[in-house]
Amino acid sequence: MGKVILTGDRPTGRLHIGHYVGSLRGRVELQNSGEYEKIFIMIADAQALTDNADNPEKVRRNIIEVALDYLSAGLDPKVTTMFIQSQIPELYELTAYYMNLVTVSRLQRNPTVKSEIQMRNFETSIPVGFFTYPISQATDITAFKATTVPVGEDQMPMLEQTREIVHKFNSVYGETLVMPEILLPGNKACLRLCGTDGKAKMSKSLNNCIYLSDSADEVKKKIMSMFTDPNHLRVEDPGQVEGNPVFLYLDAFCKEEHFGRYLPEYADLDELKAHYSRGGLGDVKVKKFLNQILQEELEPIRKRRKECEKDIPGVYAMLKEGTEKARAVAAETLADVKRAMKIDYFEDAELIGEQARQYSC
Ligand code: TRP
């Protein structure tokens with residue numbers, strides 16, 4: 001059997017360069033590698049609603065933004081099936097059966113859920129749907145028989161929980177579900193890109209993100225006002241590279257070829273870093289270099305977005321087609337699951353025959 005990818009994003013905002021280096025760029029590479037039999041990318045609107053129940057409009061509006069970001073980053077609907085989670089009712093049915101295989105205390109131990117509860121100040125008022133979303137995520141993954149789940153590091157606990165559910169299901173009901181593997185970005189700097197202000201999380205409310213859809217001017221402005229080493233006041237002062245957002249971004253985006261094009265006086269990033277640490281290299285020069293690199297990477301994405309924006313109905317039609325295709329696969333898995341659990345009564349001739357014989361004597 002061939003390898004199958006499933007991954008996705010919550011549509012709560014436009015995608016930023018953290019999403020891009022953490023997952024999206026890799027998905028496009030995986031798509032173009034030709035190594036995968038099927039690729040499913042899901043817009044997880046139902047999951048987004050688990051903590052936005054009072055603001056469905058936000059989720060509704062952002063579906064198109066995420067779809068546009070996908071297409072402009074290079075996902076190709078001829079190869080990759082893009083779809084909307086809430087339009088596949090089979091997912092909810094599967095989740096209901098998986099719920100019986102997971103304990104409340106196991107959900108409480110999920111580190112991602114724990115920190116999200118803290119971040120959202122849910123305390124004792126945690127919505128049940130939110131609390132159980134790791135189970136629904138296990139459904140997303142298993143419904144499409146995914147072998148490979150390319151995600152950021154924060155999703156590791158979800159994958160662990162999914163693997164436990166698969167193991168449990170298969171040992172109770174017989175080998176049915178496919179065991180998935182997580183696929184993290186190879187470059188460590190891409191695991192978690194900090195905000196332009198150096199804060200660990202990029203978030204819209206902190207206003208510290210560079211979006212894929214930002215104009216060239218916006219990107220430049222954001223880069224030129226990025227935080228650096230606060231003690232690097234004069235050019236000749238020694239600067240700190242570790243934890244310096246500008247260098248963290250260079251770690252994620254810079255390739256050796258960029259030096260030839262934009263900064264030929266250095267051979268590579270190590271040399272640039274050494275000069276900064278030694279003193280004598282100003283922030284502005286490094287920021288300008290980062291800007292050139294980012295513009296080079298983002299320009300084709302912006303161009304494709306402009307094209308796609310001209311045909312919004314076409315984007316919805318693409319999602320609809322993808323959703324129909326994805327739904328057929330989820331329905332197949334649901335049938336497998338019901339067969340394994342022996343709750344496919346009407347198709348179970350053996351059960352009906354046996355009971356008929358039992359009652360006829
Ligand atoms: N939890 C993911 C996020 O917050 C989105 C998501 C939902 C997902 N279902 C998934 C990711 C299944 C990978 C696989 O971005």
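A nitrogen atom of the ligand lies 2.8 Å from an N or O atom in the side chain of Asp140. The structure is a predicted model, in which local features need pLDDT of at least 70 and side-chain atom pairs count only at pLDDT 80 or more, while totals for chains, interfaces and linings use all residues. Residues are numbered from 1 along each chain as its sequence is written, and side-chain values use heavy atoms, with hydrogens and water left out.

**Ligand contacts**

- Polar contacts are pairs of N or O atoms within 3.5 Å; within protein, one atom must be able to donate a hydrogen and the other to accept it, and residues adjacent in sequence count only if both atoms are side-chain atoms.
- For Gln47, a polar side-chain atom is placed 2.7 Å from a nitrogen atom of the ligand.
- For Gln155, the distance from a side-chain N or O atom to a nitrogen atom of the ligand is 3.0 Å.
- The ligand taken alone exposes 360 Å², of which the protein buries 90% (accessible areas come from the Shrake-Rupley method with a 1.4 Å probe; for residues, only the protein chains shown count as cover).

**Ligand surroundings**

- The ligand is surrounded by 13 residues, and the closest are Arg10, Gln47, Gln137, Asp140 and Gln155 (a residue is near a molecule if one of its heavy atoms lies within 4 Å of it).
- At least two residues of this shell come from each of β1 (3-9) and α8 (133-143) (helices, H or I, of at least four residues and strands, E, of at least two are DSSP runs, numbered from the N terminus).
- The shell comprises six nonpolar, five polar and two charged residues (Ala, Val, Leu, Ile, Met, Phe, Trp, Tyr, Cys and Pro count as nonpolar, Asp, Glu, Lys and Arg as charged, and the others, Gly among them, as polar).

**Loop residues**

- Most residues other than glycine have a negative phi.
- Asn207, which is not a glycine, has a positive phi of about 55 degrees; Asn207 lies in the loop between β5 (181-183) and α10 (216-224).
- Asn207 counts as exposed because its relative accessibility is 65% (buried means under 20% relative accessible area, exposed over 50%, and partly exposed in between, with a 1.4 Å probe and protein chains only).
- Lys342 also has a positive phi, near 60 degrees, and is located in the loop between α15 (312-341) and α16 (349-360).
- Lys342 is exposed, at 60% relative accessibility.
- Gly186 is found in the loop between β5 and α10 and is exposed, with a relative accessible area of 79%.
- Gly186 and Gly22 are 164 residues apart in sequence, and their C-alpha atoms are 9.7 Å apart in space.
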